[in-house]
Amino acid sequence: KYGLQARVAYTWRSSYFVSSQDSLGPNDPTYTGSTGFMDASIFYAVDKHLKIGATGSNLLNETITTYNQITKSGIRALRGINQQDRRFTIGVRMGF
């Protein structure tokens, strides 16, 4: 009931189709590469109404990579790499 609560989650997403046409190449389908993200949180329940704690998102500092399919046989070329930032928050949760 009261006390410490902790959670760690790892989410994996395999490569997936994004769009049939890209602004960089009008007939080039776009795909996103596989990636995984780790998140965590820890909270302390002071009493039945009040919790204090912290959360962290993208703890492994992962990137998202996109590709364009440049041939009908499926060969892909790098389109872009997006750096996803780590995020940390501290907070108070209240319930009534």
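**Entry 1: ground rules**

I call a residue buried under 20% relative accessible area, exposed over 50%, and partly exposed in between, using a 1.4 Å probe and protein chains only. The model I am reading is predicted, with pLDDT of at least 70 needed for local features and 80 or more for side-chain atom pairs, while totals for chains, interfaces and linings use all residues. I number residues from 1 along each chain as its sequence is written, and side-chain values use heavy atoms, with hydrogens and water left out.

**Entry 2: the whole chain**

I looked up the secondary structure. The protein chain has eight strands and zero helices (DSSP runs numbered from the N terminus: strands are E, at least two residues; helices are H or I, at least four). Its pattern along the sequence is β-β-β-β-β-β-β-β. The radius of gyration is 20 Å, well over the 12 Å that the globule rule gives for 96 residues, so the protein chain is more spread out than a compact globule. That radius is taken over C-alpha atoms, and the rule is 2.2 Å times the number of residues to the power 0.38. I then checked the box. Along the principal axes, the C-alpha atoms fill roughly 60 × 20 × 20 Å.

How much of the protein chain is buried? I find 23% of the 96 residues in that class. The accessible surface is about 7000 Å², and carbon and sulfur atoms hold 55% of it (Shrake-Rupley method, 1.4 Å probe; for residues, only the protein chains shown count as cover).

I turned to contacts, meaning heavy atoms within 4.5 Å. Of those between residues at least 6 apart in sequence, 53% join residues at least 24 apart.

I also counted charges. There are 11 positive and 6 negative side chains, with the centres of the two sets 8 Å apart. Lys and Arg count as positive, Asp and Glu as negative; His and the chain ends are not counted. Each charge is placed at NZ of Lys, CZ of Arg, CG of Asp or CD of Glu.

**Entry 3: two asparagines in one loop**

Most residues other than glycine have a negative phi. I went looking for positive values. Asn58 has a phi near 55°. Asn58 sits in the loop between β5 (50–57) and β6 (63–69). Asn61 is in the loop between β5 and β6 too, and its phi is about 55°, although it is not a glycine. Which side of the burial cut-offs does Asn58 fall on, buried or exposed? Asn58 is buried, at 5% relative accessible area. Asn61 is partly exposed, at 32%.

**Entry 4: the aromatic pair**

I found one aromatic pair in the structure. The ring centres of Phe17 and Tyr31 are 5.5 Å apart and their planes stand at 70°, so the pair is edge-to-face. For the cut-offs: rings of Phe, Tyr and Trp (its six-membered ring) pair with centres within 6.5 Å; planes under 30 degrees apart are stacked, over 60 edge-to-face, and the rest tilted. Phe17 lies in strand β2 (residues 16–19) and Tyr31 in strand β3 (residues 30–32), so the pair ties together parts 14 residues apart in sequence. Phe17 is partly exposed at 46% relative accessibility, whereas Tyr31 is buried at 15%.

**Entry 5: strand β6**

I looked at two residues here. Asn68 is in strand β6 and is buried, at 7% relative accessibility. What does Asn68 touch, leaving aside neighbours within four places in sequence? Its contacts are Asp22, Asp28, Pro29, Thr30, Ile75, Arg76, Ala77 and Arg79.

Tyr67 is also in strand β6. Tyr67 is partly exposed, at 28%. With neighbours within four places left aside, its contacts include Tyr31, Gly33 and Leu78. I checked Tyr67 against Ala77: they are ten residues apart along the chain, and their C-alpha atoms are separated by 5.4 Å.

Ala9 belongs to strand β1 (residues 3–13) and is buried, at 18%. Beyond neighbours within four places, Ala9 contacts Phe37, Met38 and Asp39. Ala9 and Met38 are 29 residues apart along the chain, yet I read 5.6 Å between their C-alpha atoms.

Last, Ser34. Ser34 is in the loop between β3 and β4 (35–45), partly exposed at 41%. Not counting residues up to four places away in sequence, Ser34 touches Trp12, Arg13, Ser14 and Ser15. Where does Ile64 stand relative to Ser34? The two are 30 residues apart in sequence and 7.8 Å apart in space, C-alpha to C-alpha.
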